[in-house]
Amino acid sequence: TRQMPDEGEEDDDEDMQLKVPFVESLDIENLVIHYLLLDETEPLEIKLASLGKDDRAGAETVVLTGAGPIDDIAFKLEGESGTAANLLETDKPFPFKYQFDVMQAVIHAEGRIINPRGTADLDIALQVEAPDLQGLLALLHETAPDIALSATGRLAGTLAAPRLDDLELKLSKDKVALQLSGTVGNLLRAEDIQLDFSSDITDAEVLASLLPEQSPHFNSLKTAGKFSGSGDDLLLSDYTLDASGPGGLKLGLAGSARFLAATQPLRDVKATLSIASPDTAFARQFNEAIPLMGPLAGSARLSMVSDVLLIDEIKLTAGDSQKLQIDARGDIKLGVTAGKIMLAGLTLDLGLQAPSTTSLTTLTGTDIPALGRIKAAAHVSDSGGPTAITELDVKVDKGNDLQLTANGSLADLEKLDGIDMTLELTASDLNTIGQVFDQTLPSEGAVKYSGRARGSMANLRYNGRAYLRNTTIGTELTASFTGKRPRVTGSI
């Protein structure tokens, strides 16, 4: 070792001054380091077969070399820098160049520290090449996909506030390409972030690891966007997502959002969503009650203020008007609190049309007789109370032979409470009604029927009147469907 005199001191006062010792030369062999990672019981073993430093008096540079294994995987370290005297005694730039090699991965840093005893300005070029990122991180007992990493950048700013400029990072393999570029104004504080990113993924294994477990099957995912701000308040802008699956399944998302360091981090969402599919098969994995029909096309706008996520301008069409078609238009409000999502409001206009009522069999799972063409509309709302059908209008017609209309409301859709429905039926003759049920009835002339149901599933009251020529048949029923068996009483 050697002691360096403090700046400005005289040699005859040397014994009175505090000396700064530093290592002039160093040789280490066969040093074993056990490093225990957080939450692990097996330590990481690093063996330094050799580590050498040569900083002789009068030398212009310091040479550093090292080699050994990390968990039996060989590594090599080599480089050179300015001298310790250069760093401690003067304000000249302190140059250095180091390279670390392990598992075909190369980490290279080269540059200088300007005015090291003052502001310590940085001018350092960084480069990382890791053809096997999965194997490299496995050395640190971490997991990663089978992918290659390539990154370059430049450290600027100061030691107290380092800035990362000209970042170019790429993760790639045969069917994966991810890119990140831009700057970070202050690495230590994660401030002044300006980053662009993009991805193009067609690898099934990688897609499965990125997407939620119950998401539809996609075979292609493309994203792009910009990050700006800080780690505590990060803005995502110009974001686009395009996903596609087999048979023409497509999902699109575009917009912006903010991420805060808070219990509920997602804020200020503004986005548009679109979906298209040849059928509804992908949706049946979420709910098997969804009928198989197609095609499907939809769009919506997403926005979030505070803890309320609004999905509005919903436009969804499923099916074919020549078979069975369902439309939905409206808005949905969701409350997001402590990671939980709750319905906070609902306004939907639903429509249904089919050339025959038999098409409803796919919806109900029960055989529906052929009454004729059907067209239905409903207004569903939830404004702080129970979800209700405030307007329902159903029309069935079979030309001049049969017309059926039903309209009304349902105050509580979940409990089937607050029922108020009216029914009107007109048939050209009695046999027309019989044919619906594969029965032959006498042709006794036109038939008219009207009825009204009110109440709840616990107490449903029904009144009806049938008119056939000069005959009138009245019906008064009271029913309850809350027990093990329905209970019906009444008179005809």
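Two strands count as paired if DSSP finds at least two bridges between them. Strands themselves are DSSP runs of E, at least two residues long, and helices are runs of H or I with at least four residues, both numbered from the N terminus. Keep that in mind, everyone, as we look at this structure together.

A quick word on where it comes from: this is a predicted model, in which local features need pLDDT of at least 70, side-chain atom pairs count only at pLDDT 80 or more, and totals for chains, interfaces and linings use all residues. Residues are numbered from 1 along each chain as its sequence is written, and side-chain values use heavy atoms, with hydrogens and water left out.

Let's start with the strands. Look for Gln-127, which stands opposite Thr-152 in strand 10. Strand 10 also pairs with strand 11, residues 162–173, again in the antiparallel sense, over 9 bridges. There, Ala-148 faces Ser-172 in strand 11. How many residues does the hairpin use to join strand 10 to strand 11? The hairpin passes through 4 residues.

Now for the rings. Phe, Tyr and Trp rings (for Trp, the six-membered ring) pair if their centres lie within 6.5 Å; planes under 30 degrees apart are stacked, over 60 edge-to-face, and the rest tilted. The structure has 4 aromatic pairs. One of them is Phe-197 with Phe-227, stacked at 5.1 Å centre to centre with 25° between the planes. Phe-197 sits in strand 13 (residues 191–201) and Phe-227 in strand 14 (residues 220–229), so this pair ties together parts that are 30 residues apart in sequence. Ring pairs also bring in Tyr-239, making a cluster with Phe-197 and Phe-227.

Phe-197 has 17%, so Phe-197 is buried. Phe-227 has 23%, so Phe-227 counts as partly exposed.

My last stop is Thr-357, in the loop between strand 21 (340–354) and helix 4 (361–364). With a relative accessibility of 2%, Thr-357 is buried. A polar atom of the Thr-357 side chain lies 2.4 Å from the backbone oxygen of Pro-369. For comparison, Tyr-35, located in strand 3 (residues 25–35), is partly exposed at 47%.

Key
Buried means under 20% relative accessible area, exposed over 50%, partly exposed in between (1.4 Å probe, protein chains only). A polar contact is a pair of N or O atoms within 3.5 Å; within protein, one must be able to donate a hydrogen and the other to accept it, and residues adjacent in sequence count only if both atoms are side-chain atoms.
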